[in-house]
Amino acid sequence: MPAVRFQAGDTVMGRWPGSSLYYEVKVLRFDPKTQLYTVIYKDGTELELKDGDIKSLTGFKQGRSRSRSRSRSPARTRRSRSRSPARTVRRSSSRTTEVRKEKFKEVLEVRLTPVAVPLENNSNNRHEKKEEKKEENDTANKVNEKTEEESENQVGSRYNLRRRKDQGDGRPVELEKKLEAILPQATPREAVKTTELEFGGRFGVLFWLLFLPVMVLALLILCAQEDASLLNFPLTPPPLHSLWDCQVFGIVLLWLLFQAVLSLLPVGKVVEGMPLKNGKTLKYRINGFYALIFSAMAVGAALYNEVDLSYIHGHFLQFYTSALIISILLSVYLFIRSRWAAVDDLAPAGNSGYVFYDFFMGRELNPRIKDFDIKFFCEMRPGLIGWVVINFAMLLAEMKHKNLDTPSPAMLLVNGFQLLWVADGLWHEEKLLTMMDIVHDGFGFMLAFGDLAWVPFTFTCQAYYLASHPSDLSVFWIVAIIIMNVVGYYIFRKANSQKFAFRRNPSDPALSHLKTIPTATGKSLIVSGLWGFVRHPNYLGDLIMALAWSLSCGFNHAIPYFYLIYLILLLVHRNARDEHQCRKKYGLAWGEYCKTVRYRIFPGIY
């Protein structure tokens with residue numbers, strides 16, 4: 001058996017498949033059965049290479065030096081000058097044409113090789129904001145292409161997938177421009193099939209497609225009952241005609257249209273999202289907080305004109321049914337239009353070939369109607385702002401049905417805490433662009449139903465419960481719950497702000513105290529401060545806030561704690577997805593990081 005030349009952790013030069021170009025890579029492991037090395041490039045791409053495709057740094061530098069010396073032989077120059085002008089022109093033209101063909105072929109081979117775009121892992125639509133697998137150092141992305149002299153003399157510095165400027169006939173820039181012009185026509189590629197199925201695979205998503213809408217309906221029915229005990233199961237389903245109202249359906253459509261118009265207003269800044277697979281970036285209008293203010297003004301105008309907002313409480317099931325139907329219709333439209341989407345526009349997790357799985361996960365990553373991004377709009381606007389409006393309607397319903405002059409302390413706490421959360425999310429709307437929902441997950445039923453039906457009708461269950469089941473809180477409990485929510489919000493906001501600041505400028509003097517672990521991708525993982533305490537301090541802060549919201553409803557029933565239980569399950573599952581992605585992305589550095597930061601969410605427990 002041949003000896004293993006390179007060990008795990010060695011930095012070597014690896015040949016890019018389909019070309020003669022070598023790039024600096026790090027050896028991850030060697031498989032004695034296949035006799036292949038698994039290496040990772042600086043952009044995070046992992047490949048298996050043969051022994052003959054790998055060279056040591058020292059040998060590569062010496063080989064390059066001899067090659068450059070031979071290419072500048074005086075004899076070749078004198079031979080070229082000795083020919084007649086006419087013959088020189090003809091041979092030069094012919095040779096140049098051949099050289100150009102070779103260059104086009106080689107550059108095309110390099111450019112058409114799939115390159116993994118670094119994924120910023122985040123949490124779900126309402127969790128910022130909230131996730132992104134660890135505060136990564138973007139220094140590698142900020143380093144521009146080296147000059148011709150640096151590329152020639154600093155072989156071990158930094159490599160990209162472009163042809164070196166000092167090679168060829170002196171026209172690499174012209175070739176690059178021509179290549180970019182013909183690339184769309186010259187690169188017919190098939191979409192990469194999704195092989196790793198989540199949520200129980202193709203049979204699991206069928207269960208979720210049927211179970212989730214029914215579960216939300218059961219939750220709302222239970223909250224409205226006088227005795228909201230879980231022992232009342234099985235519930236008596238309401239008549240079908242009581243779940244539908246044309247006027248309610250029209251109100252929901254008007255709400256969506258109103259929020260869409262607000263999102264298109266020319267206010268707020270325009271920012272670029274994360275790079276897509278083809279290297280392009282999409283632009284987004286960030287004006288969610290303005291939309292919240294305009295929505296509050298619209299609600300105030302409705303109250304001034306004596307519109308009874310408690311109507312929402314009395315027709316809550318009809319509102320949910322309308323939102324469910326709209327989310328299903330939107331999902332069908334998205335699935336159909338994805339059949340004509342370009343390969344680069346498809347999501348990595350929604351192209352399995354199984355209809356129901358792809359329908360659930362979403363095939364298209366960023367479906368747009370001209371400049372209107374459907375997924376970005378649904379993630380934060382109609383659902384989150386609708387959450388606040390519904391909470392306020394429940395507050396008015398409590399005062400109306402209980403003949404109160406002022407809302408109960410519990411209702412005020414729930415409304416205030418959740419308004420703070422939504423306002424914070426919309427104020428930091430730009431950070432949504434680094435979430436896994438935006439950069440990785442397609443837009444299908446999972447996100448459409450979650451944004452338009454799940455969020456506004458399950459996150460409001462505490463206010464809906466309090467409208468019919470008052471909770472008497474002592475001063476002690478009120479103060480304790482407020483302190484708990486403040487602590488949770490501090491951890492949540494501090495962790496996310498620190499993460500975002502580190503990503504934007506890792507050299508910021510304010511972050512100089514942070515300890516990091518470098519990775520082969522050129523980025524770093526924070527292992528001190530809140531991010532050295534647990535791997536997801538933002539999750540921890542979010543869960544503390546969720547506990548404060550539930551405690552505001554007392555201990556008479558378990559229904560108000562549904563949101564807390566759901567959030568724990570969601571974040572544990574989200575953490576498992578993040579761990580899987582980061583282990584593939586960072587390799588050995590992720591293992592070292594996990595040894596340094598042992599606990600995922602709950603310190604000392606998990």
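# Briefing: helix packing and selected residues

A polar contact of 3.1 Å joins the side chains of histidine 440 and aspartate 441. Welcome to this predicted model, a protein of 606 residues with 23 helices and 11 strands.

**The whole protein**

- Of the 606 residues in the protein, 49% are buried.
- Among contacts with a separation of 6 or more, 75% are between residues 24 or more positions apart.

**Helix α21 with helix α19**

- Helix α19 covers residues 475-504 and helix α21 covers residues 537-551; their axes come within 8 Å and cross at roughly 155 degrees.
- Because an angle over 145 degrees counts as roughly antiparallel, α19 is described as roughly antiparallel to α21.
- The crossing in which α19 passes α21 is left-handed.
- On the α19 side, the residues that meet α21 are Ile481, Met484, Asn485, Gly488, Tyr489, Ile491, Phe492, Ala495, Asn496 and Lys499.
- On the α21 side, the residues that meet α19 are Pro537, Asn538, Gly541, Asp542, Ile544, Met545, Leu547, Ala548, Trp549 and Leu551.

**Asparagine 496, a residue of α19**

- Asparagine 496 sits in helix α19 and is among the residues there that meet α21.
- With a relative accessibility of 0%, asparagine 496 counts as buried.
- The side chain of asparagine 496 is joined to the side chain of asparagine 538 by a polar contact of 3.3 Å, and Asn538 is one of the α21 residues that meet α19.

**Helix α21 with helix α15**

- Helix α15 spans residues 409-427, and its axis comes within 10 Å of the axis of α21.
- The axes of α15 and α21 cross at roughly 155 degrees, and the two helices are therefore roughly antiparallel to each other.
- Here, too, there is a left-handed crossing, with α15 passing α21.
- Val414, Phe417, Gln418 and Trp421 are the α15 residues in this meeting, and their partners in α21 are Asp542, Met545 and Trp549.

**Histidine 440, in a loop between helices**

- Histidine 440 lies in the loop that runs between α16 (436-439) and α17 (445-458).
- Its relative accessible area is 8%, so histidine 440 is buried.
- The partner of histidine 440 in the 3.1 Å side-chain contact is aspartate 441.

**Two loop residues with positive phi**

- Lysine 370 is not a glycine, yet has a positive phi of about 60 degrees.
- The loop that holds lysine 370 lies between β8 (368-369) and β9 (372-373).
- Lysine 370 counts as exposed, with a relative accessibility of 78%.
- Asparagine 403 is also not a glycine, and has a positive phi of about 55 degrees.
- At a relative accessibility of 68%, asparagine 403 counts as exposed.

Technical notes
Residues are numbered from 1 along each chain as its sequence is written. This is a predicted model: local features need pLDDT of at least 70, side-chain atom pairs count only at pLDDT 80 or more; totals for chains, interfaces and linings use all residues. Side-chain values use heavy atoms; hydrogens and water are left out. Helices (H or I, at least four residues) and strands (E, at least two) are DSSP runs, numbered from the N terminus. Buried means under 20% relative accessible area, exposed over 50%, partly exposed in between (1.4 Å probe, protein chains only). A polar contact is a pair of N or O atoms within 3.5 Å; within protein, one must be able to donate a hydrogen and the other to accept it, and residues adjacent in sequence count only if both atoms are side-chain atoms. Contact means heavy atoms within 4.5 Å. Axes are lines fitted to C-alpha atoms, for helices over the stretch in contact, and angles run from 0 to 180 degrees between N-to-C directions. Angles under 35 degrees count as roughly parallel, over 145 as roughly antiparallel, 65 to 115 as roughly perpendicular and the rest as oblique. A crossing is left-handed if the near helix is turned anticlockwise from the far one by less than a right angle, and right-handed if clockwise.
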